[in-house]
Amino acid sequence: MRRAHVLLAILLSALWAGAAQAQVRGVEVRTPRPFGYFLGDLVRGQIDIVVDEGFTLQAASLPQPGALTYWLDLRGITVEEARVGDARRVRLNLTYQNFYAALDTRPLEIPGFALTFVSEADRGATTATAQVPAWSFTVSPLREVQPPVQTDPADYMRPDGRAPLLDPQPMLTAAAWFAGLAVLALGLLARDRAWWPFRARRARAFAALRRSLRALARRPDADAAYGEALLGLHRGIDETAGRRVLADDLPDFLARHEAYRGQGADLEKFFSASRLAFFGRGLSAARETLPLAELERTARRLAASERGA
């Protein structure tokens, strides 16, 4: 009876091994070349494993990048999966680096490893193991072990390479030209934007007014600030015209300065608010007719026309 149990256990083990072997159909190792490697070279290998459909690779069973031996590091590993007929192919792309300082030509062995595959089913999980075999490559020394004897020790060293002499003058000339163009462009931009030293010129009166209105808008005494804003715009118009401009002079001003014709309606509203502020019901009534924010927009449009004049 005991002998029958032993025979049954042996039979079941053989059947289980055969089933596990059938789950992993093949393991193939490919390398670009098995020879011609030196100290520091990268050694690449490709592992193709074919398993039954439904089995997936367990990532935890993959070899981890790092030092494998004192002379070999695993630098990287990538995994590609594809369907091949009724099976699945798992391809590993491995990159090793050799640090073996060989004194003569000799083969070195990259150690093998085992991979685990799992198939999940309703009745439980089935595991299978694929054994990747070790494979070898040949390394060569960087130099001979004993070089020929030289009388002068300096003969063992190679002379320094000669670098070509470059003339820096063309680059200095080009740099000077580009610097001059940059200064010229900055000057043109400063003139267009009425920056210093072009800020105080006559042709940029509205640009200066626009900057002053920003400061007036932050003052707590709104009526006084509004009165100064009206006077500032009057001075800007007078400075542009070269004389005092009243409300009745506006058509003549627009006829002489075509750049500001598009702001004719805004200027008419400004003169109406100015007359109301200084000769009518006062600053509060003028602010209702032409608020300070609208006055700032008028000054901004006048400054833009001023740049194009």
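## A buried tyrosine and its partner

In this predicted model, Y260 is buried, with a relative accessible area of 4%.

The rings of F206 and Y260 form an edge-to-face aromatic pair, with 5.4 Å from centre to centre and 65° between the planes. This pair links distant parts of the chain, since F206 belongs to helix 3 (residues 205-216), whereas Y260 lies in the loop between helix 5 (250-256) and helix 6 (264-279), and the two residues are 54 residues apart.

The structure holds seven aromatic pairs, and one of them joins Y96 to W135 in an edge-to-face arrangement, with the centres 6.1 Å apart and an angle of 70° between the planes. Here too the pair links distant parts of the chain: Y96 sits in strand 6 (residues 87-98) and W135 in strand 10 (residues 135-139), 39 residues apart.

Y96 is buried at a relative accessible area of 2%, and W135, with 10% relative accessibility, counts as buried as well.

## A ring cluster and a charged neighbour

Elsewhere in the model, ring pairs link four aromatic residues, namely Y37, W71, Y100 and F137, into a cluster. Y37, a member of that cluster, also has the charged end of R33 sitting over its ring, at 4.3 Å from the ring centre.

Terms used: Residues numbered from 1 in each chain as written. Predicted model: local features only at pLDDT ≥ 70, side-chain atom pairs only at ≥ 80, totals over all residues. Heavy atoms only, no water. Phe/Tyr/Trp six-rings, centres within 6.5 Å; stacked < 30°, edge-to-face > 60°. Helix = DSSP H or I, 4+ residues; strand = E, 2+ residues; numbered from the N terminus. Buried < 20%, exposed > 50% of the residue type's maximum accessible area, 1.4 Å probe, protein only. Lys NZ or Arg CZ within 6 Å of the ring centre and 35° of its normal.
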